[in-house]
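Here is a short report on one protein chain. Please look through the sequence and the structure first.

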Amino acid sequence: MLQNKQADGLTAFRLRLVTFLVTGSLFMEVLDGTIIATALPEMATSFGLSAVELNVGISAYLLALGVLIPVSGWFADRFGPRLIFTSAIALFTLSSALCGLSTDLPTFIALRILQGASGAMMVPVGRLLILRYTPQDKLMGAMSSLVWPALAAPVIGPPLGGFITTHAGWHWIFFLNVPLGLIAFVAALFLVPRIQPEARQPFDWRGFVLCGTATFAVLSGLERLAAAVTAVNLVLIGGGLLMGWLALRHLRRASAPMLTLAPFRIATFRAAMVGGSISRMAIGSAPFLLPLLFQVGFGYSPFHSGLLLLVVFAGNFAMKSVTTPVLRRFGYRPVLIANSLLAAACLAACATLTPDTPLVVLLLVLFINGVTRSMQFTALGTIAFADVEKQQMADANGLFNTLSQIAMAAGITLGAIGVRLGGVLAGQGTLTGDGIAYRAAFLLTAGVGVLGVFDLLRLPRGAGDHFIEKPTDAAAG
């Protein structure tokens with residue numbers, strides 16, 4: 001018999017509203033990681049610092065996210081997802097308002113850490129609600145919606161931040177979250193069901209320390225490496241990888257680990273996390289490299305650069321409505337392999353751009369970059385959970401969010417290393433032309449993107465295809 005109500009009392013309509021709420025929260029969290037990039041010079045002037053010194057405001061936020069995301073599932077199970085989700089929204093809103101009122105660097109950094117910590121609870125717990133309470137035949141559509149903010153926010157953030165800073169002041173970058181957060185908080189109180197906390201294992205302090213230290217060291221090392229290749233930064237990354245190995249060793253052996261690694265036994269999840277992370281890292285470098293290419297390499301204004309980035313967003317948006325039909329027609333494995341190669345080719349095409357490139361060609365390259373980026377992120381973000389059982393969703397969600405955060409940081413580092421290598425080759429006269437260092441970086445990221453294909457080739461034929469919503473499923477719902 002057809003049901004329009006879940007066992008826990010969520011109607012199909014209410015579940016859609018919860019999905020919309022979580023999607024909006026995710027957009028707000030990802031946006032806050034990128035929107036202040038263009039506001040750093042004006043903020044630095046207010047604080048009496050240099051923009052480079054204030055860059056720690058971005059790092060502190062992302063590090064807090066990366067360190068605390070793995071424990072979000074434990075807190076949701078221990079205290080109930082409704083309490084954690086609503087509390088995280090409230091804390092995120094409050095810390096945003098206080099960030100806008102900050103007048104000195106130590107206070108601002110502390111508040112950004114608090115903001116990142118609340119985001120680390122808010123978004124993964126919201127995703128967990130969707131993963132657990134959406135019927136299997138509707139999960140593909142729900143997961144596609146949750147991928148959208150991660151696509152749009154990094155592209156929209158910098159130009160939006162520049163616009164707000166220019167016309168209203170940098171404080172309003174943070175004050176903007178206040179009304180949105182209040183609306184989200186009230187909506188969460190009405191929409192998120194009261195779910196009894198589950199009997200959860202004791203908190204794995206050793207696992208938390210090992211995972212947190214490893215994530216902190218790797219993320220901070222990658223962020224520092226993007227600015228300068230030094231022995232200290234390399235040691236930091238190496239130490240983080242060593243701690244990561246110790247963390248994995250502990251998680252395999254512990255009787256009650258913070259996260260179980262069982263989802264990695266699932267072929268679709270493993271491919272999305274290994275080869276998918278390599279692909280995500282390469283594609284994710286584009287929003288970092290393109291503004292540099294346009295502004296530093298070609299001498300465009302920030303406004304001009306921002307308008308061009310919106311073309312990438314247009315490609316993301318255009319692909320959204322046809323992603324599921326394409327996956328339904330060809331299947332995950334062929335689409336992921338073909339799109340990985342096409343995405344790498346699009347990155348390589350950016351290396352051919354010059355100030356003299358015809359506008360039509362430039363816009364086409366940017367638009368197709370957006371199209372392939374949207375397809376790849378959506379396909380990877382949905383196939384990861386195609387074969388995960390409901391009882392494993394908390395662990396799979398924690399692993400997915402943590403590795404995605406690391407891949408995002410690694411993508412920026414990859415782009416920065418590419419720029420540095422391109423600059424060396426340009427200095428030797430090996431490469432010449434406007435913006436050649438940035439164009440060379442696109443060649444490096446394209447090469448890395450191709451590497452991600454090899455792991456995707458190991459996917460069995462038809463892997464994850466049962467997860468794709470069919471027209472009959474939609475009609476039945």
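## Terms and model

Helices here are DSSP runs of type H or I with at least four residues, numbered from the N terminus. The model is predicted.

## Overall build

The protein has 22 helices and 0 strands. Its C-alpha trace spans about 70 × 50 × 45 Å along the principal axes. How does the radius of gyration of the protein agree with that of a compact globule? With 477 residues, a compact globule would have a radius of gyration near 23 Å, and the protein has 22 Å, which agrees.

Of the 477 residues, 56% count as buried. The accessible surface comes to about 19900 Å². Carbon and sulfur atoms hold 70% of that surface. Now take contacts between residues at least 6 apart in sequence: 82% of them join residues at least 24 apart.

## Aromatic pairs

A search of the whole structure finds 17 aromatic pairs. One of them joins tryptophan 172 and phenylalanine 175: the ring centres are 5.3 Å apart and the planes stand at 85°, so the pair is edge-to-face. An angle over 60 degrees is what counts as edge-to-face. Both residues sit in helix α9 (residues 171-175). They are 3 residues apart there, so about one helical turn separates them. An α-helix has 3.6 residues a turn, so residues three or four places apart point the same way. Tryptophan 172 is partly exposed, because its relative accessible area is 48% and the exposed class begins over 50%.

Tryptophan 205 and phenylalanine 208 make another edge-to-face pair, with ring centres 6.3 Å apart and planes at 80°. These two lie in helix α11 (residues 205-227). Again the spacing is 3 residues, so they are separated by about one helical turn. Is tryptophan 205 buried or exposed? Its relative accessibility is 59%, so tryptophan 205 counts as exposed. Trp205 and Phe208 also belong to one aromatic cluster with Phe75, Phe79 and Phe203.

Serine 25 lies in helix α1 (residues 12-34). Its relative accessible area is 1%, so serine 25 is buried. Which residues does serine 25 contact, leaving aside its neighbours within four places in sequence? They are Phe85, Ile89, Met122 and Val123.

Threonine 93 has its place in helix α6 (residues 81-100). Threonine 93 counts as buried, because its relative accessibility is 8%. Leaving aside neighbours within four places in sequence, threonine 93 is in contact with Asn177, Val178, Gly181 and Leu182.

## Helix α15 and proline 291

Helix α15 covers residues 286-297. Its buried residues are Ala286, Pro287, Leu289, Leu290, Pro291, Leu293, Phe294 and Gly297. Just after α15, glycine 299 takes a positive phi of about 80°.

Proline 291 is found in this helix. Its relative accessibility is 14%, so proline 291 counts as buried, the limit for buried being under 20%. Neighbours within four places aside, proline 291 is in contact with Ala286, Val296, Ser305 and Leu309. What separates the C-alpha atoms of proline 291 and glycine 306? The two atoms are 7.5 Å apart, while the residues are 15 apart along the chain.

## Packing of α17 and α18

Two packed helices are described by the angle between their axes and the distance between the axes. Helix α17 (residues 323-330) and helix α18 (residues 332-350) pack at an angle of about 115°, and their axes are 7 Å apart. From α17, the contact uses Val326, Leu327 and Phe330. From α18, it uses Tyr332, Pro334 and Val335. These contact residues divide into 6 nonpolar, no polar and no charged.

## Alanine 267

Alanine 267 lies in helix α13 (residues 267-273). Its relative accessibility is 30%, so alanine 267 counts as partly exposed. Not counting residues up to four places away in sequence, alanine 267 touches Leu459 and Pro460. The C-alpha atoms of alanine 267 and alanine 88 are separated by 33 Å. Along the chain, these two alanines are 179 residues apart.

Technical notes
Residues numbered from 1 in each chain as written. Predicted model: local features only at pLDDT ≥ 70, side-chain atom pairs only at ≥ 80, totals over all residues. Heavy atoms only, no water. Buried < 20%, exposed > 50% of the residue type's maximum accessible area, 1.4 Å probe, protein only. Contact = heavy atoms within 4.5 Å. Axes fitted to C-alpha atoms, helices over the stretch in contact; angles between N-to-C directions. Nonpolar A, V, L, I, M, F, W, Y, C, P; charged D, E, K, R; others polar. Rg over C-alpha atoms; globule rule 2.2 N^0.38 Å. Areas by Shrake-Rupley, 256 points an atom, 1.4 Å probe, with all protein chains shown as cover. Phe/Tyr/Trp six-rings, centres within 6.5 Å; stacked < 30°, edge-to-face > 60°.
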